[in-house]
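Here is a briefing on one protein chain. Keep the sequence and the 3D view open while you read.

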Amino acid sequence: MSGQITSFESVEFENFPKNYTIENALWKTLLDYSDLTKQYDQITVLHENNLSTFVPKPLFDEDYKGSYLQYNTKVFDTDYFAVDEIEKYEMMNVYVPYVNINNYLIDQFGTFEYQHYTGILVSKLLDLSKNDVSQNMFVHIAKTHFEIIIIQNQKLVLFNSFEYQTPEDFLYYLLFTAEQLHLNPESFKLIILGDCTEQDELYQKAYQYVRNTSMLDVTDLQKSNSFTTQKNRTHFILFNA
């Protein structure tokens with residue numbers, strides 16, 4: 001069936017020997033997973049880092065791509081800047097891709113498309129917010145960082161990425177963001193997705209301080225695969241790519 005997810009694997013690169021370069025880890029992964037050596041009509045690579053920012057399309061100037069990133073990350077003259085257009089929502093996602101990884105994968109697969117994972121995350125959450133006029137906070141959690149996306153009336157109000165080490169770090173950034181936007185913890189909706197369950201301490205911390213905390217409903221996404229609810233939340237971006 002078209003659009004159906006038929007195969008999925010997750011590889012933790014941190015489990016490889018410490019002397020492995022990223023190229024070594026990719027090479028070993030290609031050896032271990034035969035699905036990665038098959039021929040495909042189309043290949044898409046997603047880049048996950050905090051080197052990205054959203055720009056309203058009417059304000060975007062192709063000649064100044066790097067300038068949009070300088071306010072939230074350190075950029076260099078040698079950096080390569082890429083842009084993904086989110087046409088439906090009149091936004092441009094400017095980011096720094098991992099050029100060394102792209103070059104390695106080109107040698108293995110030939111041409112492919114690539115994009116930044118935040119574009120998929122934000123556009124899908126905007127889709128899910130149709131007909132909702134309230135101001136909602138979505139939090140996408142990964143192992144060492146998380147993204148806060150605030151949406152109202154199907155418009156992006158705020159996007160930011162934070163690194164964290166402890167649940168207290170997580171809670172601080174969450175409540176600080178809410179305070180800056182005058183969101184009342186007694187009334188705004190906090191919806192969590194990504195690598196988190198209701199039993200995790202991050203969720204419990206949020207639930208303790210924000211009355212309307214819940215996990216993202218992924219029922220519709222599950223129609224395209226046979227994986228568990230939690231896997232669909234954890235890999236929400238990948239499964240929507």
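The points below cover the sheets, a helix, a pocket and a few single residues.

This is a predicted model. Another open sheet has 3 strands. The second largest pocket has a volume of about 400 Å³.

- β9 (residues 189–194) pairs with β10 in the parallel sense, over 4 bridges.
- Ile-192 stands opposite Met-215 in β10.

**Three-stranded sheet**

- Here the order is β2-β4-β3, with antiparallel pairing.
- β2 and β3 stand at the edges. Each has a single partner strand, so one side of each is left without a neighbour in the sheet.
- Neighbouring strands of this sheet are turned by 25° against each other on average, direction ignored.
- β3 pairs with β4 (residues 91–95) over 5 bridges, in the antiparallel sense.
- The bridge partner of Ile-86 is Met-91 in β4.

**The β1 and β5 pair**

- β1 (residues 44–47) and β5 (residues 113–116) run parallel and are joined by 4 bridges.
- Thr-44 stands opposite Glu-113 in β5.
- Which residues form the covered face of β1? Val-45 and His-47 do, while Thr-44 and Leu-46 form the uncovered face.

**Second largest pocket**

- The lining of this pocket has 22 residues. Nearest its centre lie Ser-52, Thr-53, Asn-72, Phe-159 and Asn-160.
- The elements that give two or more residues to the lining are β2 (52–56), α4 and β8.
- β8 provides the largest share of the lining, 6 residues.
- By type, the lining residues divide into 11 nonpolar, 8 polar and 3 charged.

**Val-75 in its loop**

- Val-75 sits in the loop between α2 (65–69) and β3 (82–86).
- Its relative accessibility is 25%, so Val-75 counts as partly exposed.
- Neighbours within four places in sequence aside, Val-75 is in contact with Gly-66, Leu-69, Gln-70 and Phe-81.
- Val-75 and Ile-22 are 53 residues apart in sequence. In space they are 22 Å apart, C-alpha to C-alpha.

- Glu-90 has a phi near 55°, a positive value in a residue other than glycine.
- Glu-90 lies in the loop between β3 and β4.
- Glu-90 counts as partly exposed because its relative accessibility is 44%.
- His-182 is not a glycine either, yet its phi is positive, at about 60°.
- His-182 is found in the loop between α5 (167–180) and β9.
- Is His-182 buried or exposed? His-182 is exposed, because its relative accessible area is 73% and exposed means over 50%.

Terms used: Residues numbered from 1 in each chain as written. Predicted model: local features only at pLDDT ≥ 70, side-chain atom pairs only at ≥ 80, totals over all residues. Heavy atoms only, no water. Pairing = 2+ DSSP bridges. 1 Å grid on protein atoms, 1.4 Å probe; cavity = no way out; pocket = protein on both sides within 12 Å on 5 of 7 lines; lining within 4 Å. Points joined across faces, edges and corners; volume = space filled by probe spheres on them. Nonpolar A, V, L, I, M, F, W, Y, C, P; charged D, E, K, R; others polar. Buried < 20%, exposed > 50% of the residue type's maximum accessible area, 1.4 Å probe, protein only. Contact = heavy atoms within 4.5 Å. Axes fitted to C-alpha atoms, helices over the stretch in contact; angles between N-to-C directions.
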